[in-house]
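Reader: Hi! Could you walk me through this model?
Author: Happy to, here goes.
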Amino acid sequence: MSCPLCFPKNENIIYQNDFFRVILVDDIPGYIRVITNKHIKEFSDLSDEEATRLMLAVKKIEKAMIKTLNPDKVNIAMLGNMVPHLHVHIIPRFKNDQWWPNATFCEKVRDFNYPSFDLEKLIQEIKKIES
């Protein structure tokens with residue numbers, strides 16, 4: 001079986017470096033995924049330097065998301081059960097969104113219109129994550 005994150009198709013990459021890439025996920029407005037470029041199964045497989053670099057990037061993306069989207073909460077998750085390749089989900093959450101207060105992989109409980117935001121501003125903020 002080939003890993004879909006090692007051989008991605010149609011990713012909306014908004015930032016990439018030698019270690020990871022940041023993609024915009026269409027499922028939820030502002031939803032970001034940070035994916036290691038090489039196949040790494042577990043967070044604990046990273047060196048301390050790599051773990052620090054990844055988590056600092058996640059923190060900066062979360063701050064950019066808060067600044068740009070003003071969500072009620074940001075969910076950050078590393079699951080990997082479906083695709084055992086290290087990746088981090090960074091998901092803006094709004095009270096009364098389709099799943100609130102449950103996780104976004106649960107069944108939707110209502111309709112929700114996401115607030116508008118400046119996607120280009122979010123992308124520009126994310127591109128500054130290693131500066």
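Reader: Which residues is I32 in contact with, leaving aside its neighbours within four places in sequence?
Author: I32 is in contact (heavy atoms within 4.5 Å) with I14, V22, I23, L24, V25, I61, M65, V88, H89, I90 and I126, once neighbours within four places in sequence are set aside. Bear in mind that this is a predicted model, where local features need pLDDT of at least 70, side-chain atom pairs count only at pLDDT 80 or more, and totals for chains, interfaces and linings use all residues. Residues are numbered from 1 along each chain as its sequence is written, and side-chain values use heavy atoms, with hydrogens and water left out.
Reader: And which residues touch the most other members of the largest nonpolar core?
Author: F20, V22, I32, V34, I90 and I126 do, out of 37 residues. Such a core joins buried (under 20% relative accessible area, 1.4 Å probe, protein chains only) Ala, Val, Leu, Ile, Met, Phe, Trp, Tyr and Cys residues through side-chain atoms within 4.5 Å.
Reader: Which element gives this core its largest share?
Author: That's α1 (48–69), with 8 residues. Helices are DSSP runs of H or I, at least four residues, and strands are runs of E, at least two, numbered from the N terminus.
Reader: Switching topic: is N17 buried or exposed?
Author: N17 is buried, at 14% relative accessible area. N17 sits in the loop between β1 (12–16) and β2 (20–24).

Conventions
Buried means under 20% relative accessible area, exposed over 50%, partly exposed in between (1.4 Å probe, protein chains only).
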